[in-house]
Amino acid sequence: MATATADPRARPIAVYDSGVGGLTVLHELLVQLPHEDFVYLADAARLPYGMRDQAELERFALECAEELLARGAKLLVVACNTATSAALPALRERMVQTTLGIDVLGVVQPGAVQAVAASTKGRVGLMATPATVASGAYAHAIAQADPFVELTSVACPDLATIIEGGFPFDARVVETVRGYVTPLREAGVDTVILGCTHYPLIAPMLQRMLGRGVRIVTSGTPVAHQVEHVLGARGLANPGTAAEGDYRFLTTGDVEAFRALGSTFLQLPLGEVEHVTLRAAEAAA
């Protein structure tokens with residue numbers, strides 16, 4: 001197990017998701033912050049997160065955070081909309097207790113702000129898991145950015161699981177997706193937030209169904225910008241001269257299943273994948 005280095009700037013950025021969906025966020029981080037090292041944790045053994053309650057999601061998130069703390073993380077990115085919606089306050093409370101005072105960034109607020117900026121009619125759509133929709137996190141974030149924007153939310157209970165199942169997609173999948181898109185078209189939205197990090201993998205299908213005039217917003221790019229800003233503000237940017245940093249993967253689930261699907265989501269070569277067993281959440285500096 002890796003331990004924290006003496007120089008906190010040389011520590012890795014941790015990225016956490018329930019499965020492979022967060023690799024779409026990691027992809028943007030790797031592209032925009034090539035000098036940084038990353039460690040990615042997929043809690044695939046407990047997928048899907050989308051139908052679980054808040055207390056359970058908080059416990060899972062804190063257990064994953066403890067593992068990433070033990071790996072010497074200098075910053076935590078919660079690349080899961082469901083976990084962000086349910087557990088961000090609890091994670092931030094835990095991480096501020098650490099020696100370094102680790103910042104925790106989620107994917108909801110950056111995506112919401114980008115959607116408000118992109119919308120020309122003030123009609124924004126959201127596709128997300130039932131837990132994310134029920135949390136009201138996007139509604140709150142959008143209202144904070146612009147209280148006059150109207151949000152139409154669609155819960156998609158099986159979509160992340162379908163995408164996690166792999167490719168290609170058959171006619172049944174296409175019809176399932178079309179059913180989720182229909183209320184957004186009827187609401188006349190001009191911008192749609194993909195409120196689950198799995199969904200960018202079907203962005204071409206969604207764009208065709210929504211129409212070319214509808215802007216699709218994902219969280220990867222704005223999250224990467226936010227990470228870069230926080231690292232700069234905290235003086236934690238990696239000072240190393242290497243052209244490319246390292247990245248590695250942890251999963252609570254099947255290593256080969258993660259490896260088989262992971263490269264499709266990451267769109268880059270997959271490195272080392274290690275199986276981990278999480279301990280119960282506990283305070284540790």
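Hi everyone. Let me start with a term: a residue is called buried when its relative accessible area is under 20%. Keep that in mind as we go through this structure, which is a predicted model.

How many disulfides does the structure hold? The count is 0. Take C64: the closest cysteine sulfur belongs to C80 and lies 9.5 Å from the sulfur of C64, so the two are too far apart for a bond. C80 is in no disulfide either, and its nearest cysteine sulfur, the one in C196, is 6.9 Å away. For a disulfide, the two sulfur atoms would have to be within 2.5 Å.

Are these two cysteines buried or exposed? C64 is buried, with a relative accessible area of 0%. C80 has 4% relative accessibility, so by that cut-off of under 20% C80 counts as buried as well.

Now for a helix, α9, which spans residues 203-210. Its buried residues are M205, L206, M209 and L210. Why do we say that they line one face? Looking down the axis of α9, you find these buried residues within an arc of 125°, and therefore they line one face of the helix. On the face turned away from that buried side sit P204 and R208, which are exposed.

And what covers the buried residues of α9? The cover includes the strands β5 (123-128), β7 (191-195) and β8 (215-217), along with the helix α8 (171-187). Finally, have a look at what follows α9: G211, with a positive phi near 105°.

Notes: Residues numbered from 1 in each chain as written. Predicted model: local features only at pLDDT ≥ 70, side-chain atom pairs only at ≥ 80, totals over all residues. Heavy atoms only, no water. Buried < 20%, exposed > 50% of the residue type's maximum accessible area, 1.4 Å probe, protein only. Helix = DSSP H or I, 4+ residues; strand = E, 2+ residues; numbered from the N terminus. Arc of directions from axis to C-beta. Contact = heavy atoms within 4.5 Å.
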